[in-house]
Amino acid sequence: MEAANAASERPVRVLIADDERLFVESVEALLHHDERVKVIGTATNGQDAVDLARALVPDVTLMDISMPVLDGIEAARRIRLELPDTGILILTGSSIAADVDRARQAGVAGFLTKDRIGTQLVGAILQVANR
């Protein structure tokens, strides 16, 4: 029972994928102050997100939709195919219905608009990790 308890106290391992460096740094700073989560890597395009997810096996990947090389929805689909236990949380500036539908079909666990990150991000990460 002690091993299970120790595992449940382990921080949620998070990968951040967004091509806006300042945004990534802001999210990292926000998460740095919460012991329940740990940023294990960052990616600046969708292909890097897939590659890093393979290498680091995060519990949750925070994914922007609009990224170079490979968009976030396709990157999410590939990560979910290879790492079905990794939850994907889309961080977006828009809630366009077509993007939401594509992302749901790709297997994302949830969405959070970027204007709500300051108040809802940690809770959303924990919710996705506990699915």
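The predicted model has an average pLDDT of 88 over the chain, and 90% of the residues score at least 70, where pLDDT is the predictor's confidence in each residue, on a scale from 0 to 100. Over residues 1–7, however, the pLDDT is below 50, and this stretch has zero contacts in the model beyond near neighbours in sequence, a contact being defined by heavy atoms within 4.5 Å. Where pLDDT is low, the predicted coordinates should not be read in detail. Because the model is predicted, local features need a pLDDT of at least 70 and side-chain atom pairs count only at pLDDT 80 or more, whereas totals for chains, interfaces and linings use all residues. Residues are numbered from 1 along each chain as its sequence is written, and side-chain values use heavy atoms, with hydrogens and water left out.

The secondary structure comprises six helices and five strands, assigned as DSSP runs (helices: H or I, at least four residues; strands: E, at least two) and numbered from the N terminus. Along the sequence these elements follow the pattern α-β-α-β-α-β-α-β-α-β-α. The radius of gyration of the chain is 14 Å, close to the 14 Å that the globule rule gives for 131 residues, so the chain is as compact as a globular protein of that length; the radius is taken over C-alpha atoms, and the rule is 2.2 Å times the number of residues to the power 0.38.

The five strands form an open sheet in the order S2-S1-S3-S4-S5, with parallel pairing, two strands being counted as paired if DSSP finds at least two bridges between them. Strand S2 (37–43) and strand S5 (110–113) are the edge strands, each of which pairs on one side only. Neighbouring strands of the sheet are turned by 25° against each other on average, direction ignored, with axes fitted as lines to C-alpha atoms (for helices over the stretch in contact) and angles running from 0 to 180 degrees between N-to-C directions. Within the sheet, strand S1 (residues 12–17) pairs in the parallel sense with strand S3 (residues 60–64) over four bridges, and the bridge partner of Leu-15 in S3 is Thr-61.

Two helices can be described in relation to this sheet. Helix H3 (residues 46–56) packs on the sheet, where it touches S1, S2 and S3, and its direction makes about 135° with that of S2. Helix H2 (residues 21–32) lies across S1, S2, S3 and strand S4 (87–92), and runs at about 165° to S2.
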